[in-house]
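Good morning, and thank you for the time. I shall present one protein structure this morning, and I ask you to keep its sequence and three-dimensional view before you as I speak.

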Amino acid sequence: MRVVAYSIKSFEKEPLAIANNKKHEITLISNSLGLETVSYAEGKEAVIVFNEEDNVSAMVINKLADLGVKFIATRSTDTSHIDTEAAALRSLKIANVPLASLSGLSEKELPMALATETIINLDNWQQNRCLGDACVCSRACDQAGSKVHIKGQPHQH
């Protein structure tokens, strides 16, 4: 999958490279996502963002969708910085890092855990699999045509 990761800090580069293990073509940039930088997503299938540093407003989401982006992964548990309604209207899928995956980790372990969970989300999207607890989409997997069920129930996004 071709991806651009916005707002990358120096301490995040190595964990993302290790977690990715050359599976996805990821461009790492320190610029935050906004109307001025959305063009960096041209030719990409996904963007990786982070909290309020990145502007993932309806205007930016519409530009991302116009560029062909289909997926937005945030390197955080919070998604309040993403206009999820605008993403749903443009059929962009959204994933976060499930809070449970960070439980009990030290501050030193967090960058690797965030990177690993973000890459797992990209992997699952690439393989057309349900993201389970990481999914913040507006439709259930069964509505999207998937047969994946969590604990015997269709997963609700």
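Predicted model: local features only at pLDDT ≥ 70, side-chain atom pairs only at ≥ 80, totals over all residues.

Let me begin with the aromatic residues. The structure holds one aromatic pair. Its members are Phe 71 and Trp 125, and their rings are stacked, with 4.6 Å from centre to centre and 25° between the planes. Phe 71 belongs to strand S4, residues 71-74, while Trp 125 belongs to helix H4, residues 110-126, so that this pair links parts of the chain 54 residues apart.

In general, the strands of a sheet pair through backbone hydrogen bonds, in either a parallel or an antiparallel manner. Here, five strands form an open sheet, in the order S2-S1-S3-S4-S5, and the pairing is parallel. Which strands stand at the edges? They are S2, residues 25-28, and S5, residues 93-95. Each has a single partner strand, so one side of each is left without a neighbour in the sheet. From one strand to the next, the twist averages 20°.

Please look now at one pairing within this sheet. Strand S1, residues 2-5, and strand S3, residues 46-49, pair in the parallel sense over three bridges. There, Ala 5 of the chain stands opposite Ile 48 in S3. Helix H4, which carries Trp 125, lies across S1, S2, S3, S4 and S5, and runs at about 160° to S4.

I turn to helix H2, residues 58-66. Which of its residues are buried? Val 60, Ile 61, Leu 64 and Ala 65 are buried in H2. These residues cover an arc of only 135° around the axis, and therefore they lie on the same side of H2. On the other side of H2, Met 59 and Asp 66 are exposed. The cover over the buried residues of H2 includes S3, S4 and helix H3, residues 84-89. After H2 comes Gly 68, which has a positive phi, near 100°.

Asp 66 leads us to the charged side chains. How many salt bridges does the count come to? The count comes to five, and I shall describe some of them.

One of them joins Asp 66 and Arg 90, with the closest N and O atoms 2.8 Å apart. Asp 66 is in helix H2 and Arg 90 is in the loop between H3 and S5, and the two are 24 residues apart. Asp 66 is exposed, at a relative accessible area of 58%, whereas Arg 90 is partly exposed, at 31%.

Another salt bridge brings together the side chains of Arg 75 and Glu 12, at 3.0 Å from N to O. Arg 75 lies in the loop between S4 and H3, and Glu 12 lies in helix H1, so this pair also links distant parts of the chain, 63 residues apart. Both Arg 75 and Glu 12 are buried.

A further salt bridge is formed by the side chains of Lys 9 and Glu 53, at 2.6 Å from N to O. Why does this pair tie together parts that are 44 residues apart in sequence? The reason is their location: Lys 9 lies in the loop between S1 and helix H1, residues 10-20, and Glu 53 lies in the loop between S3 and H2. Lys 9 counts as partly exposed, at 32% relative accessibility, and Glu 53 likewise counts as partly exposed, at 34%.

Where is Ser 30 found? Ser 30 is found in the loop between S2 and S3. Its relative accessibility is 56%, and it counts as exposed because the limit for that term is over 50%. Ser 30 and Lys 9 are 21 residues apart in sequence, and 6.4 Å apart in space from C-alpha to C-alpha. Leaving aside its neighbours within four places in sequence, Ser 30 is in contact with Ser 7 and Ile 8.

To close, let us return to the view of the whole. The five strands form an open sheet with parallel pairing, H4 lies across S1, S2, S3, S4 and S5, and the stacked pair of Phe 71 and Trp 125 links S4 with H4. Thank you for your attention.

Terms used:
Residues numbered from 1 in each chain as written. Heavy atoms only, no water. Phe/Tyr/Trp six-rings, centres within 6.5 Å; stacked < 30°, edge-to-face > 60°. Helix = DSSP H or I, 4+ residues; strand = E, 2+ residues; numbered from the N terminus. Pairing = 2+ DSSP bridges. Axes fitted to C-alpha atoms, helices over the stretch in contact; angles between N-to-C directions. Contact = heavy atoms within 4.5 Å. Buried < 20%, exposed > 50% of the residue type's maximum accessible area, 1.4 Å probe, protein only. Arc of directions from axis to C-beta. Salt bridge = Lys/Arg side-chain N within 4 Å of Asp/Glu carboxyl O.
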